[in-house]
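Hi everyone, thanks for making time for this. I'd like to walk you through one structure, so please have a look at the screen.

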Amino acid sequence: MSLTGGCVPGLLSGELVPQAGAPCPVLQVLQTLPARPGAGEGWALVLSDGEHHLRALLAEGLHASLPGMGAQAQHSIVELQDWAPPAEVRGQPCVSVRALAPLGFAQGVIGNPRSYQPSWGPAPAPLPTPEHAAMPGHGSSNTSPLQQQPYGALAPQDNMARSGPVPQANAQAAGITPIARLGPHTQHWRVRARVTGKSDVRHFTNARGEGQCFSVELVDREGGEVKATFFGAAVDKFFNLLAPQGVFEISGGSVKPGNPRFTRHAVDITLDERGTVRAAEDDGSIPGVQFDFVPLSSLAELAEGTSVDVAAVVVSALPPTTITTRTGASRMRHAVMLVDESGCTCRLTLWGAQAEANVGIGAGTVLFVRNARITEFNGLRGLDSTDTGIVEAEPSGQRAMGLRKLFEERGEDLARQGLAAAGRGGPRRMLAECAAEGATLLTGLAEGPAGPAGRALTVSPATVTRLPGVEGRPPFYMACDAEVPAAEGRPRPCKRKATASGRGWCCPAGHQCATASPRYSFQVKLADPTAELWAGLFDEEARELLGVPAAELSALWESQEAGDLQAGARLQALLRAAAYRRVSVRLRSRRDVWEGRERVRVTAAACSRVDLVSEAFEMLAGVRQACAAGALCAAGA
């Protein structure tokens, strides 16, 4: 049985790839060993084509297709049917095998295989000679170097200098790993890439204490893209070094699968202070920012949280505002309405540094936005800028010229269209429909796979007729600040009700934290021409209604309790100003049991003040539509 001679260099160079109808490479198994020392799962093979040998990592469960592991698989002949591009795994070049088929056995080692060193990685460990190789289960004390150093063990690293720019011409000799070859199993990689986006430093608190991080978007000369996030001391070490549009060599981190809700890449990189970042020579071979534009009309077809690039022109802009985040920090927010060649409008909200850098944009400004995240509010799709995204104002080129011409020809109509769309926020409903939804829940007609829950209905406008008073139960509670893992993998505050315990706070989940943050939680009565109902408001929605964060209101409440008359007057003024305010509110109904009785709880999933200008444009559009329909009926009669 003959082997496919010369296929090992092709496999390790990436030139030999699986192709339908093409012959599959046939190799001999020289050794089987665990992928990690002492691991019960995961196996690797040393495969030979008769001239060279390589190491292959088997996909999960694939070892069952071999006639046996250990000594039983030695010298067996296999056919590789599917494999992944080569990569470095713990310093050793290898191929990840996805599918193989056993063909038979040979009496001994075929040919005289030797190690092969690809140009992009370090030399593999030497293969032991047959007379000194001892397979598991033979009981020999003369173990081979491969057995003493199981597959995946660290290999000696090259002695590349750690300072000074690195010439691009030496990329292959320096062992540069293409970003496209990075995978969750890749270890001891080194990428050379351009920084196309950079976030601000974010501070957080979790069970291990306080922390900090920032992220950069990278692209290499082959066009591969990835996001790298730096944690802890790496922030102080590398934040000022990693300048946007600069070229750097980065190594020493870990690679993990990317979460599609928060990244557009297949994998992400994380680094701590043990990572290495060095400036590299920019010879122009690495591309700069690249856009992959999608029309605004396609946002409704994409999943919420998807990252997209858009090219559009601003038809209206709201004044920038500053909000207070959950951590007490101030952050600028700037909302603009966009339109593109598809004729669809969309609200873009700029945050933080991107809002500060674009405070002067207004109607007629052309924007190229990269890595914006799709959001949904009041049933209407929108876009939020991201920390590592890019907002390019007044770009050049044919596309930008076309958008400017679009605004010059239809600017006024597009502005009215955008205002009407912003005020509409999806199909409008009345409070009577919410009451009917609650009655349906109580009769058990709305049971679903996740339990009894109603639809989310947008009611606009609704009038706030009752608010909490300045006496009795406060409209807030003290929430636990301990960070817990969220469903998407990112930490989030616990938010459970915390009680004072000694010098700190504790919650029912058992968290002990030094501080607790006030969060809104109260009921309001809403009314419209069809009905009245009570609805629960929580932190974000209540802050939109009252106009101040919970921390400010709680301080006034405590001062009032201590006898401060001015604080009490200020508190009454805040609540009085919110009374009889017209709001657009998205209500969600759910059935639960309280003290043995079933009831329907209505909570506000979103709340915003009614934009009177937008509402006027929408009402005018409705009048025109009704008039047009009446004219058609008269013509038909």
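Let me begin with a question: in which loop does Glu394 lie? Glu394 sits in the loop between β22 (390–393) and α5 (398–424). Helices here are DSSP runs of H or I with at least four residues, strands are runs of E with at least two, and both are numbered from the N terminus.

Before going on, a word on what you are looking at. This is a predicted model, in which local features need pLDDT of at least 70 and side-chain atom pairs count only at pLDDT 80 or more, while totals for chains, interfaces and linings use all residues. Residues are numbered from 1 along each chain as its sequence is written, and side-chain values use heavy atoms, with hydrogens and water left out.

Back to Glu394. Its phi is near 50°, a positive value in a residue other than glycine. Most residues other than glycine have a negative phi. Glu394 is partly exposed, with a relative accessible area of 41%; by that I mean between the buried class, under 20%, and the exposed class, over 50%, using a 1.4 Å probe and protein chains only. Gln245 is another non-glycine residue with a positive phi, about 75°. Gln245 belongs to the loop between α3 (233–238) and β12 (247–251), and at 36% relative accessibility it counts as partly exposed.

Now the whole chain. The chain has 10 helices and 34 strands, and buried residues make up 45% of its 637 residues. Of the contacts with a separation of 6 or more, 66% are between residues 24 or more positions apart; contact means heavy atoms within 4.5 Å.

How far can we trust it? The mean pLDDT, the predictor's confidence in each residue from 0 to 100, is 76 for the chain, and 73% of the residues reach 70 or more. Over residues 37–41 pLDDT stays under 50, and the model has 2 contacts beyond four places in sequence for them. Residues 444–453 also stay under 50, with 15 such contacts. Where pLDDT is low, the predicted coordinates should not be read in detail.

Let's move to a strand. Val314 is in β16 (residues 307–317) and, at 0% relative accessibility, counts as buried. Beyond its neighbours within four places in sequence, Val314 is in contact with residues including Val336, Leu338, Gly362, Leu367 and Phe407.

Helix α9 (residues 565–578) has 14 residues and reaches 20 Å from first C-alpha to last, close to the 20 Å expected at 1.5 Å a residue, where the expected span is 1.5 Å times one less than the number of residues. Which residues of α9 are buried? They are Ala567, Gly568, Leu571, Leu574, Leu575 and Ala578. These cover an arc of only 125° around the axis, which puts them on the same side of α9; the arc is that of the directions from the helix axis to the C-beta atoms. On the other side, Leu565, Gln566 and Arg576 are exposed. At the start of α9, a side-chain oxygen of Asp564 reaches to within 3.1 Å of the backbone nitrogen of Gln566.

In helix α7 (residues 539–546), Asp539, Glu541, Ala542, Leu545 and Leu546 are buried. They cover an arc of only 165°, which puts them on the same side of α7. Just after α7, Gly547 takes a positive phi of about 85°, and α9 is followed by Tyr580, with a positive phi near 60°.

That's my tour; happy to take questions.

How values were computed
Polar contact = N/O pair within 3.5 Å; in protein donor to acceptor, adjacent residues only side chain to side chain.
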